[in-house]
Each structure stands twice: as C-alpha cells, then as structure tokens.
Amino acid sequence: MFRSKVTKYQICSLFSLFFTVFLCAQTEPLPNVILILSDDQGSLDANCYGAKDLTTPGIDRLAATGLRFTQFYVGAALCSPSRAALLTGRTPHGAGLPGNASSKEGVSGMPTEQITIAEVLKTKGYKTGHIGKWHLGFTPETMPNQQGFDYSFGHMGGCIDNYSHFFYWNGPNRHDLWENGEMIYRDGQFFPDLMADKADAFIKENKADPFFMYYAINVPHYPYQPKSKWRQHYADMEMPRRDYAGFVSTMDANIDRLINTLEAEGIRENTIVIFMSDHGHSMEERAFKGGGYAGPYRGSKMSLFEGGIRVPFVVSWPNKLDAGTTRDQFAMSMDLLPTIAEWCQVENIPAQVEGRSIRAIMDNPEAAGRQDGVWKLGRQWAIRQGDWKLIGNPRDPTQKYPLDPEKDQLFLVNLAQDIGESQNVASKYPKKVAELTKAYLEWTYASPDDIPKKLPPLANKAAGAKIHLNHAPYVKYRAHGGATLLDNKRGTLDFTDGRWLGFLKANLDAEIDLKQMMNLENVTIRCMQDQGNYIFIPKAIEVQYSEDGKTYSAPVRYTPDQNLMRLNGKIYEFPVSLKKKARYLKVTAENIVSNPAWHKAQGADSFLFIDEIIVNGN
C-alpha cells in the first residue's frame, strides 16, 4: 500500500474518502490530533516535570487532563534526525536522515519516499497542517506540502530570528519564512505569535473534518527572545536560565491559548493533544552554553546520555485517557505513528515502520513498555535493554562528570541503580558489555567500525618538546595550546574532548624544537574527519627540517587521497617520510578552507582538527 510516493496519493482516492465518510457516519467521529513539538527543551523543563522555577500553566494543564510519561525517548539528540524519526515511525537511519538537514534553500533532506504521519492519516480523509519549524529538507519535493501536508506555514531551516525571520547561523544571511511553498514576509512580527495565529486559523477552518496538525514550535531554541512580560517575570533569575525560562513561558502561553481555542470551538474532547520536545537542551554558544534543566540526568543536546534523549512527553484526550496520571514505561517517539494510526482507525501502516503502538500503555498503567532501544548519532551510539544501557564513544557537552577518552569509550550503566549515569561500570561487567555490543551490531545500521578499539601508545619522540604555533587555533578549540600536539595522547572522535586543536579556514603552522638532534624516520599528522561538523582532512602536509634552526630544507610534501573526504567519522594518521638528522622542524597542514562542492553545505567555512604531531626516530 505504501511502497511509493505515487501509490500513497492513489490511496486517497474518491472511493476511500467516501468510504471514510460512510464509516464515520455510523461510528464515533475520528479524533483530531495535534502534535506539539518544542525545540531544544530540557528533559524536565516544565513545572509538572519538577522545574519549580518555571511558570508553565499550559503544559501543566495538558498533564492535568492527561498522561505524563517519565521514560519517553526521542530517536536522536539532534533536530533533523529526531524529527524524521517522529514523523516516519522509523529510526533516523531508517528514515534516511541520520544527521541535520541543511538550512540552505535548494538542498534536499529526508528522502521523498519516506511516509509521514500526515500521509498515513490522509488515507482516512484527514486534513493535515504543518505550522512552525521544518528542518527536513529545503527543496520543493522535500518541503511539507510534498510530504503529506495540505497546509504549511513556517521556516525550513534549523532556526531563525523571530522578528526578521532570517537565518543567521552562517552567511550569507537569508530570509526563511514560507507559506505553502511560497516565501512570504512578515517583517517585525513575532514568529511564535504568527504560529499561534495560524494554528488557531487551521483549527477553525478544519473543525468540521478530522484534522492532524503538526505544531513544531521553534522554542526554546536559540536565539532566546522571550516576550517582555516574561523577561520581567524572571528578572531576578541569572543568565542563561533567565532568558531560557522566559522563552519557555512565552511558548507555554501559546500552548494555553491553543487549548482555549479548542474549548471555544467545542472540539476539545475529541482532540488528542500531544506535547513533547525534540531532544534535550542546548549547550551551544548561541544558547549562552545552557539555560535548560535536566535534573539528575547527564547530558544535553548532541549527547546520548539521558539528558540528550529523554524528553518531556504529555498526551491529553479528555474522557478517553486517564487524567493527571503518569506512565513510567519506556517508550520512544517512533512509537507515535503506529499509536496515532490505531487511534484514528488506520487499518494498515507502512511495512517499514519500526515503532510499536503504545496505545495499551495509554489505556492501562500496568501494560508492558519497551525493553530495548538503539541510537546512533555520528560516531556516538547507544543501546538500551531493560535497565542496562551501553554508550559507544560517549559525548557530554555539559561536562557534568569527566569522561576519560580511553577508559570511557564504552560506557556501561544500569539506569535503575545510577539514573545520573555518573559511573562507568564497564570494567565491572565485561560480559554485559559484550552482550550489548553484540546486540548493537545486530542492528541494521550498526558497523564494526563503530566499536572503539584500544590503541597502542603513541610513543611520540617529540613528547614534551618546545612548540610554537604561527596561527592560533579557533577560540573554541584551543585545548591547552600547542602543547597538546606533543602530549603523547590520542583524541577521541569527540572533537570537544580537550585534545584537539581546531583551525577554522586556517592552516596548522607549527615550529618545533626537539631539544636535541635526532635521526628522524617520519613526522605523522593525526587528524580528524567529521563531515557533519565541517571538519576535513588536510589538503596537503609539508615538513621542513633543520640542524641549527636557521637554515631549513625544502618542504617535503605529502598529499592525502582527497577521496577520503567522503568517508565520515574517521581519524587518520598521515606520515611524511624524512630519514634525516635534525633538531628543528616546521610542520604545515593545509586547510581546504571551504566545504567541497559535493557537501550539503557547499562553500561553508571548513575546519582542520589536529590532536598530535608524532615524530618517529631516535
């Protein structure tokens, strides 16, 4: 039934629509469904989740009239893959979008053959609307109107300024506000309020029919731009919590407004309202490096610790679901498509859906939840079975606890015993590590290359030598200065682990005094490649050598195979053969400066990341 884009629309034939009308005339009317998705909201950032410093009567009102889940997980700790998983009922890799879609017009995103909740519900005659953030593709065929939505209003990229509606992440600055595939201008008007107006209008125009509205609110994602009312309300709070809290309450007020609209139109009792976040709070510079609240949970956005993937989730359906109750079962965002389909009497869902209906949990607090889940984000991966969770190549932007780049590459925790994931017990339970690693590798999208390997010591003969950098690294990735390039320690695939120096549009240009004459075999540059973060191998490497520090040899040049740039998530060691006697070295690694033509963000500024200059010799 759902094998191609063509057949999806053939399903919505006149016969199907008339048949739906006929059925609805004889049974209860199909429920309306509103799926509210907040953006970068912390795991516990609502009053009903324990954030007592927040004012969130709208979210709390939904929780008081419905179910609040305490173990609800998203498919990824990053915007686009999380949204792809939610709308398709598949893991991000299954949905064809394991990383962020581009915010540049003309760049595609989630493959068009993927089937969304909107397309599934259209088979039952639902009117469908998207309001807010999209971030799943920026071409006509990957924008909302071609992914099952009758109506669309919002921005296509990852974020916008809420008054000018421009994308300012990187240049050139570009306007990003669309309605039904056409760019529109609402200069100076506050985007969250524009969304609220469009949501009200969609409800009123479609209340006579069953409708599905995907209300993807771009809040509290940076830039933090709360209304003045809420700035004043939180005036005594310290930054960045102050503006973050104000933005959450700004959003919450519009959620409260939405509930009022449903009640005023007389359709509240027949409308399922779902509220959740796309992942944990941001620790990015544009978010003032925080503001969100994850309580006891470790991690945040871009981390597979609990604070990155465990989110607030509330579903309210008056007189159909228990009011003011909680569900502690383990469930995931991919489970929503089959659940909503079951509620809306869809007889068949796409065969490739990986989620599992959680309607039984909604109806019965004693029903069993999930026992397993798997995640993969860049080089990070995680698998959960029961209370056991294993993370490979973990990352924690919050730096709540130190991560050992070597000992913690495989991080095991029992969530029932350590909900804060504070202690790695991998060395204590090696059999459990082996069991979960094996289970992870049975997943379709896992690779043996994902499994961290214990590497031998570097044995860098230049360890402790004197080094001078002629070009300073980018301010965010300076680690301990040039000394980290000669500390005999390897960096991990997490470029924020403190062992990498990052050069933005600049070369590594180092001068080294070995402090004694050496017979040099080669000089090796250890570098990273991470396409998703615009990090690429060098264009070329050059080494010059000298006995006296005054007269240097001609450059010895090594050119890495540039085809390697297409391989993501790798660490390379590129050796430059010398076989010379010297004390002084000049080492240059050339940055490619801008992303390759084939990259999704073609022409954007590129990084060069180096963690060690290794000298072999005696």
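A residue counts as buried at under 20% relative accessible area, as exposed over 50% and as partly exposed in between, using a 1.4 Å probe on protein chains only. The model here is a predicted one, in which local features need pLDDT of at least 70 and side-chain atom pairs count only at pLDDT 80 or more, while totals for chains, interfaces and linings use all residues. Residues are numbered from 1 along each chain as its sequence is written, and side-chain values use heavy atoms, with hydrogens and water left out.

The buried residues of H6 include Phe-191, Leu-194, Met-195, Phe-202 and Ile-203. Their cover includes E1, strand E3 (127-133), strand E4 (151-155), E9 and H8, with contact taken as heavy atoms within 4.5 Å.

Ten strands make up an open, mixed sheet, ordered E8-E7-E4-E3-E9-E1-E10-E11-E2-E12, where two strands pair if DSSP finds at least two bridges between them. E8 (182-183) and E12 (325-332) sit at the edges, each pairing on one side only. E2 (residues 66-73) and E11 (residues 313-316) run antiparallel and share four bridges, with Arg-68 opposite Val-314 in E11. Helix H8 (residues 241-264) lies across E1 (32-38), E9 (211-216) and E10 (271-277), at about 175° to E1; axes are lines fitted to C-alpha atoms, for helices over the stretch in contact, and angles run from 0 to 180 degrees between N-to-C directions. Helix H10 (residues 336-343) lies across E1, E2, E10, E11 and E12, running at about 170° to E10.

A second open sheet has four strands, E13-E14-E15-E16, with antiparallel pairing. Its edge strands are E13 (372-377) and E16 (410-414), and the twist averages 10° from one strand to the next. Six bridges tie E13 to E14 (residues 380-385), and Gly-373 faces Arg-384 in E14. H12 packs on this sheet, touching E13, E14, E15 (388-392) and E16, at about 110° to the direction of E14.

Definitions and conventions. Helices (H or I, at least four residues) and strands (E, at least two) are DSSP runs, numbered from the N terminus.
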